[in-house]
Amino acid sequence: MDKTVADLATAIANISDGMTVMIGGFGGAGAPIELIHAMIDRFKATGSPTKLIVINNNAGNGRIGIAAMIDAGMVAKMICSFPRSADPRAFTEKYLAGEIDLELVPQGTLAERIRAGGAGIPAFYTPTSFGTDLAQGKPTAEFEGRMYVQERWLKADVALIKAEVADRMGNLTYRKAARNFSPLMAAAAKLTIVQAAQIVEPGGIDPEQVITPGLFVTRVVEVADARQEEALMRDGLAYA
Amino acid sequence: MTDKLSNAQIAWRAAQDIADGAYVNLGIGFPEMVAKFQPPGRQAIFHTENGILNFGEAPPEGEEDWDLINAGKKAVTLKSGAAFFHHADSFAMVRGGHLDVAILGAYEVAETGDLANWSTGPRGIPAVGGAMDLVHGARRVAVITDHVTKDGKPKLVKACSLPLTGVACVTRVYTSLAVIDIEGGCFVLREKLVGLSVDELQALTGGTLVLPNDIADLTVPEL
C-alpha cells in the first residue's frame, strides 16, 4: 500500500464544487498553505472548486491561504470559532457584503464536533454555550443537576492536513503545536489529503510516535520546504 | 496610595491566589500578564487551548518558532516537562474540569456570576474562540478587569446587558479597586483599596455589595 502522490495537483484531485473542506491549523501553525494554494491554482485555471464550505478555527489572515481562497470567491461559508486575525480583511469584506455565511462555534465545541464526526457519534451534550446566543435553537438537557446543550457532529468531504513526517502508508507525526485540529479532521473526512515535510518508508516512524494512524489518510504529498503563514505575512506576500 | 490599581497590579493580585503546581489557563491579552507575577517558590503550569501545557515566555525577537504559539497566536517557548496535544484533548482538559483556574477579561460580570466578554453587540464580526468552553471547565473561574468602563460605568452589574459568554460561572473578580467574590447571587466584598470608602465603591458597582465583617485592605506593590 502506497498513499503517496507525485505532486500537489494530483493530491487535490476530486475536490469539487460545494464540498465541505476541513483545513487543519490554528492560525499559521499547521496550516497546509501549499495544498490550499494548489486548490486556488486549479480554481483559477478551471473555475472549480468553488462554493466550498470551509471548516477551520479561523477565517484566514492577510492575502494567503484561506484568506486567498475567500478573496478568490471560492468559499460560500466558514464554520469557525474566531474569524479574526492580524489582518482579517478578506473575510470581513465578504461577510459585511453578505457574500459569505458564517457559522460561529465555540472552539472546544468545534473540536469535539469534528472528533464526534470522525468517531461516528451524531450528537453529544456540552455545558459550553448554555444560556448564550450560540445555544439558540439547540436542544438542552439536565444531567446531574447541570444544564447542557446538544451539539451535532461535523463531517467533511475533504480534509487538508499538514504533517511533519508521513510514511507511505499514511502514518503521521506533527510538529509542536501544529498538531491542533489535524488529527481530528483527518478522521472526520471521507478524503484526507496530507502534505508532509518528509515522506519515509513504512517503519521509518516509530509506531510509538504515530499520532494519526494511516487508516485515516487517503493521500500524501511531500512538501519539503513548506512556508509558514507568519513568515509569508511578514514578507507581505499575497497569493492572488 | 494610588486611586486605582494598574493592570499590572491587578494581575499581581490575581497571581497571589494561584497555588504552586496549579494548572492554569490565562485568557489572551491582559490576563496573560498574570504569569509574570507568580510568587517566588511557586510555579503554575500554564495551558493554552491550541495544545500546549507548560509553555513559558516569548522568545527573543528573531528566534520565534511559528509552530510554537499560544492561543493569542504569539510565539512562546517551552519549559521542561511541557506537552503537546490535539484540540479534543485540550478541551477535554478544559470541559472535563481538569484545570484548576481560568482567568479571563470581562466587559461585564453580573452578581449571579454571569459573564459577558466575547461580543459588544450585533455589529461587526462575531468571534468567540475558547471563552465559552473555559468558563464551564475550570474549577475556579476568575475575572480581572478595571472596576468601571472607560466612560465610568460599572462593569460589575446586576444583570449583563451584552451577549453572555456563560451563565453563573465567575466566582471571583479582581478589579482596579477591590477583590469581590460571587456567592449565592451576590457580590461579596473581600478586599478594597485603603483610601476608598465602601460608599464610594458601592457607587461604582452595579449590584449591591455584601459586606462581611472582615474586609481586608487591598495592598499591592508598586510595579
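## A helix between two chains

Packing here is a matter of contacts, where two residues touch if their C-beta atoms, placed from the backbone, lie within 7 Å. Helices (H or I, at least four residues) and strands (E, at least two) are DSSP runs, numbered from the N terminus.

A quick note on what you're looking at: this is a predicted model, in which local features need pLDDT of at least 70 and side-chain atom pairs count only at pLDDT 80 or more, while totals for chains, interfaces and linings use all residues. Residues are numbered from 1 along each chain as its sequence is written, and chains are lettered from A and ligands numbered from 1 in the order in which they are written.

## Where chain A meets chain B

The contact draws 40 residues from chain A and 31 residues from chain B. On the chain A side, the elements giving two or more residues are α4 (89-96), α5 (107-119), α6 (182-188) and α7 (229-234). Of these, α5(A) gives the most, with six residues.

Sorted by class, the chain A side has 18 nonpolar, 14 polar and eight charged residues. Here Ala, Val, Leu, Ile, Met, Phe, Trp, Tyr, Cys and Pro count as nonpolar, Asp, Glu, Lys and Arg as charged, and the others, Gly among them, as polar.

## Helices in chain A

Now for α2(A) (residues 33-46) and α3(A) (residues 65-72), whose axes come within 9 Å and cross at roughly 15°. Axes are lines fitted to C-alpha atoms, for helices over the stretch in contact, with angles running from 0 to 180 degrees between N-to-C directions. The two helices are therefore roughly parallel to each other; angles under 35 degrees count as roughly parallel, over 145 as roughly antiparallel, 65 to 115 as roughly perpendicular and the rest as oblique. On one side A:I33, A:I36, A:I40 and A:F43 from α2(A) meet A:G65, A:I66, A:A68, A:M69 and A:A72 from α3(A). That contact has eight nonpolar residues, one polar and no charged ones.

Next along, the axes of α3(A) and α4(A) come within 8 Å and cross at roughly 35°. A:A67, A:I70 and A:D71 in α3(A) meet A:A90, A:F91 and A:K94 in α4(A), giving four nonpolar, no polar and two charged residues.

## Strands in chain B

Strand β10(B) (residues 172-175) is covered on both faces, with B:R172 and B:Y174 buried on one side and B:V173 and B:T175 on the other. Four bridges join it to β8(B) (residues 140-145), and these two run parallel; B:A142 has B:R172 as its bridge partner. Strands pair if DSSP finds at least two bridges between them. With β11(B) (residues 178-183), β10(B) pairs in the antiparallel sense over three bridges, and B:R172 stands opposite B:D181. Two residues lie between β10(B) and β11(B) in the hairpin they form.

Key:
A residue is buried if 20 or more other C-beta atoms lie within 10 Å of its own, exposed if 12 or fewer, and partly exposed in between; C-beta atoms are placed from the backbone.
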